[in-house]
Amino acid sequence: MSLIRLAYASEATFLAQPVDKGVEPNVARILMASRSNNTKNDIVGGLYYGDDRFFQYLEGEEGAVRALYDRIARDSRHRNVITLLEEALEVRTFANWSMKYVPLSSDVKGFLNRHGMKRFRPSDFTRDQCEEMIKLIRDSSQEGRVVSHDVAGSARPTPAALPKGVGVGLAVAAIGVVGAMIYASTML
């Protein structure tokens, strides 16, 4: 099994809706599906959405990552999908994140300021900026964690900060809250 890593940028085709609970509703739907599908396919990574643009980083078995990227490129919620980085990977760096989401934070604002960017435009990133954004997503604080769970079948150890039952309960509650947000957004 050969691992690869892939980062891409795209533009959202949907009109952003008001953010409730820190996640744009269309992005929340993408995250829910990604977390479920990525777990099944042993894909890990992270996502940032800002200024109607996506930056996503993926790691996993080459065939699974390429198949996912092909689906993303055909997804009607994305346009102008471009590959920023694609290369072989020796070991995973995102451990147990099926899809980590990082909301707008001081980390991202600092990244934009350091590089003299007024808006988030990942399609213009240099390789170094792409690597910095990947690191920012990987290292972002707990605020960016909407849901974290082990990849199915993973042999990687996970930290035991909470008793297993409490962690499962919190994850189920978080999924319920996100589901309720999605349902409520369809009622508007």
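Which residue in S3 stands opposite glutamate 11? It is arginine 53.

1. Basis of the note. This is a predicted model, in which local features need pLDDT of at least 70 and side-chain atom pairs count only at pLDDT 80 or more, whereas totals for chains, interfaces and linings use all residues. Residues are numbered from 1 along each chain as its sequence is written, and side-chain values use heavy atoms, with hydrogens and water left out.

2. Strand S1. Helices (H or I, at least four residues) and strands (E, at least two) are DSSP runs, numbered from the N terminus. Strand S1 spans residues 3-12, and ten of its ten residues are buried, so the strand is largely enclosed by the rest of the structure. Here buried means under 20% relative accessible area, exposed means over 50%, and partly exposed lies in between (1.4 Å probe, protein chains only).

3. Partners of S1. Two strands pair if DSSP finds at least two bridges between them. S1 pairs with strand S3 (residues 53-61) in the antiparallel sense, over nine bridges. With strand S4 (residues 78-89), S1 also pairs in the antiparallel sense over nine bridges.

4. Helix H3. Within H3 (residues 106-114), the residues Val108, Gly110, Phe111 and Leu112 are buried. The buried residues of H3 pack against strand S2 (44-50), strand S5 (100-102) and helix H4 (127-139), where contact means heavy atoms within 4.5 Å. Glycine 116 follows H3 and has a positive phi, near 65°.

5. Aromatic pairs. Rings of Phe, Tyr and Trp (its six-membered ring) pair if their centres lie within 6.5 Å; planes under 30 degrees apart count as stacked, over 60 as edge-to-face and the rest as tilted. A search of the whole structure finds eight aromatic pairs. In one of them, the ring centres of phenylalanine 14 and phenylalanine 54 are 6.1 Å apart and the planes stand at 70°, so this pair is edge-to-face. Because phenylalanine 14 lies in the loop between S1 and helix H1 (25-41) and phenylalanine 54 lies in strand S3, the pair ties together parts that are 40 residues apart in sequence. Phenylalanine 14 and phenylalanine 54 are both buried.

6. Tyrosine 49 is buried, as is phenylalanine 54. Elsewhere, Tyr48, Phe55, Phe111, Phe120 and Phe125 form one aromatic cluster.

7. Valine 23. This residue is found in the loop between S1 and H1. Valine 23 is buried, with a relative accessible area of 8%. From C-alpha to C-alpha, valine 23 and tyrosine 49 are 9.2 Å apart in space, and they are 26 residues apart in sequence.

8. Positive phi at two aspartates. Most residues other than glycine have a negative phi. Aspartate 42, although not a glycine, has a positive phi of about 55°. Aspartate 42 is found in the loop between H1 and S2 and counts as partly exposed, at 24% relative accessibility. Aspartate 52 is likewise not a glycine and has a positive phi of about 60°. The loop between S2 and S3 holds aspartate 52, which counts as partly exposed at 32% relative accessibility.
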